[in-house]
Amino acid sequence: GATKERHTTLVQYSAPAKPKKGDDFNDLVWRATDWAPQDDVDGDGGGWFPVPFSGKGDSIRAMKSFGNYLLIYGRWQTYVLSGLNEQTWTLRKLGDYGALSNGSVAEMDGLVYSVSRQGILVRTDGTTIEPVPGMEPIRKWLKDKIDDVLNTGGDENDTSGDQNWFLRLWSHDGYLWMALPVPSGNRTTLVYDPRSESFWETDLP
């Protein structure tokens with residue numbers, strides 16, 4: 001109900017890591033109290049903050065650390081957190097494109113790409129978010145593929161099939177690769193070239 005929905009829009013963070021002089025950072029031991037919203041012996045404790053998604057039933061689908069930013073993706077919107085600590089953090093909305101899951105987010109050549117629930121491959125530099133050039137010709141095709149797998153009949157607000165979604169996006173050799181499941185159990189592999197702003201489908205499984 002309402003409590004569950006609130007929990008799915010909260011970002012929880014731990015106390016900042018503060019190794020003692022001479023300590024190896026890799027040897028730090030995290031404690032449950034590091035996540036508590038209170039001061040600990042080394043300074044600030046942990047806590048949480050809500051992400052004000054406005055989409056119906058929206059929730060956090062992915063997060064990506066990117067330079068000085070933390071990108072927070074909902075199904076239909078993306079927010080960005082900037083700043084050095086709780087006192088300087090700023091949370092702002094990037095735009096009305098989100099991500100399907102952590103697996104549908106990839107970084108390449110100074111930009112972060114994601115596949116949104118609307119069937120759009122988008123990119124961001126942490127200040128703006130927009131569809132990639134060359135997206136329009138395949139937008140309906142990709143949206144139909146997503147709808148087929150999620151069995152929503154084109155209703156973007158229907159999230160009943162989200163747990164069955166296993167789209168994967170990754171970068172390799174200057175290209176973005178997208179593996180889309182299809183109802184038959186096979187996969188369609190799509191490749192995007194940012195230089196020529198073009199997509200093509202491969203015969204890879």
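This is a predicted model: local features need pLDDT of at least 70, side-chain atom pairs count only at pLDDT 80 or more; totals for chains, interfaces and linings use all residues.
User: In which strand does P50 lie, and which residues does it contact beyond its neighbours in sequence?

Analyst: P50 belongs to strand β2, which covers residues 47-50. With neighbours within four places in sequence set aside, P50 is in contact with T9, L10 and L91. A C-alpha distance gives a further view: P50 and T8 are 42 residues apart along the chain, and their C-alpha atoms are separated by 9.0 Å. Across the chain, among contacts with a separation of 6 or more, 44% are between residues 24 or more positions apart.

User: Which strand is joined to β2, and by how many bridges?

Analyst: Strands of a sheet pair through backbone hydrogen bonds, in either a parallel or an antiparallel manner. Here strand β1 (residues 10-13) is joined to β2 by four bridges, and the two run antiparallel. Within this pairing, Q12 stands opposite W48 of β2.

User: What is the order of the strands in the four-stranded open sheet, and which are its edge strands?

Analyst: The order is β3-β4-β5-β6, with antiparallel pairing. The edge strands, each pairing on one side only, are β3 (62-66) and β6 (90-95). From one strand to the next, the twist averages 25 degrees. Five bridges join β3 to strand β4 (residues 69-73), and these strands run antiparallel. M63 has I72 in β4 as its bridge partner. The chain contains 14 strands and two helices.

User: How many aromatic pairs are found, and how does one read their geometry?

Analyst: The search of the whole structure finds seven aromatic pairs. The angle between the ring planes sets the class: under 30 degrees counts as stacked, over 60 as edge-to-face and the rest as tilted. W170 and W177 are stacked, at 6.4 Å centre to centre and with 15 degrees between the planes. W170 has a relative accessibility of 36%, so it counts as partly exposed. For Y192 and F199, the ring centres are 4.5 Å apart and the planes lie at 40 degrees, which means that the pair is tilted. Y192 and F199 are both buried. Ring pairs also link Y13, F49 and W89 into a cluster; of these, F49 is on the covered face of β2.

User: Which charged residue lies over the face of Y175, and at what distance from the ring centre?

Analyst: This feature is read from the position of the charge relative to the ring. R195 lies over the face of Y175, at 4.7 Å from the ring centre. Y175 is also touched by D193, which touches S198 and W200 as well, residues up to four places away in sequence not being counted.

User: Where is D193 found, and is it buried or exposed?

Analyst: D193 is found in strand β13, residues 187-193. Its relative accessible area is 9%, so D193 is buried. P50, by contrast, is exposed at 52%.

Key:
Residues are numbered from 1 along each chain as its sequence is written. Side-chain values use heavy atoms; hydrogens and water are left out. Contact means heavy atoms within 4.5 Å. Buried means under 20% relative accessible area, exposed over 50%, partly exposed in between (1.4 Å probe, protein chains only). Two strands pair if DSSP finds at least two bridges between them. Axes are lines fitted to C-alpha atoms, for helices over the stretch in contact, and angles run from 0 to 180 degrees between N-to-C directions. Rings of Phe, Tyr and Trp (its six-membered ring) pair if their centres lie within 6.5 Å; planes under 30 degrees apart count as stacked, over 60 as edge-to-face and the rest as tilted. A charge sits over a ring if NZ of Lys or CZ of Arg is within 6 Å of the ring centre and within 35 degrees of the ring normal.
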